Structure formats: C-alpha cells, structure tokens
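I open this notebook to record what I looked up in one structure. The entries follow the order in which I consulted it.

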Amino acid sequence: MHVFYTPDISSNEYVLNEEESKHCTKVLRLGTGAMVYLIDGIGGLYKAEITGEHKKHVSLKVVEAKHEYNKRNHHLHIAIAPTKNIDRLEWFLEKATEIGIDEITPVICDRSERKIVKEDRLYKVITSAVKQSLQAYHPVLNPQISLSTFLKQANDSVKMIAHCLDNEPRQFIAEVTRPKERYTILIGPEGDFTGAEIELALQSGYKPLTLGNTRLRTETAALAACFEVNYLNR
C-alpha cells in the first residue's frame, strides 16, 4: 500500500497538497476507492480511503488510526560531520531512518572537508526513507552547527564520541548503553577528530567510544553505531 507523509493531519478528513496529489494521481495512478497509508511523523499511522481525486487536491477519509506506532524505547541522536561526497551522507540518512533514529545534527569540525549542507535536500531524503520504511516517527534534522558550539549545549543523554586514537582506553557501545536511555553519539569527519576536539568532548562529559578494530568511513561508522544502539535496545 502506498504511503504519504501528512505532518499536519488533525482529523479524519484530509486533502493531500498539490505535490503529493499529483504524485498520487499522475505517477501512482490511484483513484477514488483506493486505500493508502498516511503518517504524521509523530507516531501516527493512518489507513485512509481516497474519496475524491484531482491532480491538485486528492481528498481522503481516515478509516483506521494507530498512535505511537512502533515506538522505540530509547532516543538516538547522532551528530555527524558532513562527508565531502554528499551522496555518502544522504546514504547514511536514508539507511539510519530505515533502521531507526530520532535526531541528526550535522557538525562542522576542524577537519571537515564540507562546511555547508543543504538541509532542504537532506530533509527530503529522510522523508522519502520514512515513507519507504513505514516509519511513523520522522527523525529531527537539526541545522548544521560547529562542534565547539554543539558541545556547549545542555544534554542529558548518555554521550559518546567515536574516534580512532589509541592513546587512551575506549569503550564499546555495549559497555555504555542502558535500557530506555537517551543517547548522543559524535561521529567525526574523514581524518577523524583532532586531539583538541576529543579532549574538549571528554571535558564535556562524552565517553570515548570504539566501533571495532577496522577504520570505518564516516557514514559507515555512523550507521554501525545506529544499528548497534537499536539492537541493544530491542
């Protein structure tokens, strides 16, 4: 069944916006009587029937509603340095959304090769993945921010920074996670965090984290962390 993202749904009657209506009628060729899913991004999953069709406004009637659909028992926030090749960051956002993530923040580090991201494009990638994977919760995409500013923000999470330096003990995610917690994980750029950045994170309460013995790409490391936190909290 086809899925539409409807963050402003508030009643049993709904009209798709012009873009979604055109996609519904011209691309998917759905007409009156067809059944679809609607998701509101905050836990609501709705089964709806098309009651009126027009290329600019398709009308729907909700016939079944589920709330807190597939709600996870934890909150995962990954702060990731944008990759030089933006396709790799988009790949991470797509796959992390499919697996399960609550919040993403692009952080600009000293060694970041990309200093600017187009948040509108990244948001669309996330929304597409939400619809594809039938996720009732839409991850929050925060504006890009410098690492130093990000570390100053109040944060009640279990905080971790994944880095590759071997000059101090690092823990595995399994040694740090606890059930039903909030987690914030920092993933650095190609070339890793600088020593000064790592020290600043540790002073800000972040625990040093290892993701294994191999050196992972930025987006691979972020996805590995995403998968492991979800697995440990299943």
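**Domains and their interface**

I began with the domain assignment of the protein, which gives domain 1 (3–66) and domain 2 (75–233). I note at once that the model is predicted. I then looked up the separation of the two parts: the C-alpha centres of domain 1 and domain 2 lie 33 Å apart.

Next I turned to the contacts. I found 12 residues of domain 1 in contact with 9 residues of domain 2. The size of an interface is often given as the accessible area lost when the parts come together, and I looked up that value next. Between domain 1 and domain 2 about 820 Å² is buried, and carbon and sulfur atoms give 69% of this area. On the side of domain 1, Val-3, Tyr-5 and Ile-39 lose the most area to domain 2, and together they account for 53% of what that side buries.

**Polar contacts and composition**

I asked how many residue pairs are in polar contact between domain 1 and domain 2. The count is 6, with both residues of each pair at pLDDT 80 or more. I then listed the elements that give two or more residues to the side of domain 1 that touches domain 2, and these are strand E1 (3–5) and strand E3 (35–39). E1 supplies the largest share of that side, 3 residues. By class, I recorded 7 nonpolar, 3 polar and 2 charged residues on the side of domain 1 that touches domain 2.

**Salt bridges**

A search of the whole structure returned 10 salt bridges. Glu-20 lies in helix H1 (residues 18–27) and Lys-131 in helix H3 (residues 119–133), so this pair ties together parts that are 111 residues apart in sequence. The side chains of Glu-20 and Lys-131 meet in a salt bridge at 3.4 Å, N to O. Across the interface of domain 1 and domain 2, I noted 1 salt bridge.

**Record entry**

Finally I consulted UniProt, where an unreviewed entry lists residues 16–62 as "domain: Ribosomal RNA small subunit methyltransferase E PUA-like". In the model, the end C-alpha atoms of residues 16–62 lie 13 Å apart. I recorded this span as 21% helix and 36% strand.

Terms used:
Residues are numbered from 1 along each chain as its sequence is written. This is a predicted model: local features need pLDDT of at least 70, side-chain atom pairs count only at pLDDT 80 or more; totals for chains, interfaces and linings use all residues. Side-chain values use heavy atoms; hydrogens and water are left out. Domain bounds come from an automatic or database domain assignment. Contact means heavy atoms within 4.5 Å. Buried area is the accessible area (1.4 Å probe) that two parts lose on being put together, summed over both. A salt bridge is a side-chain nitrogen of Lys or Arg within 4 Å of a carboxyl oxygen of Asp or Glu. A polar contact is a pair of N or O atoms within 3.5 Å; within protein, one must be able to donate a hydrogen and the other to accept it, and residues adjacent in sequence count only if both atoms are side-chain atoms. Helices (H or I, at least four residues) and strands (E, at least two) are DSSP runs, numbered from the N terminus. Ala, Val, Leu, Ile, Met, Phe, Trp, Tyr, Cys and Pro count as nonpolar, Asp, Glu, Lys and Arg as charged, and the others, Gly among them, as polar. UniProt positions are given in the numbering used here, feature names are shortened, and annotations may be inferred rather than shown by experiment.
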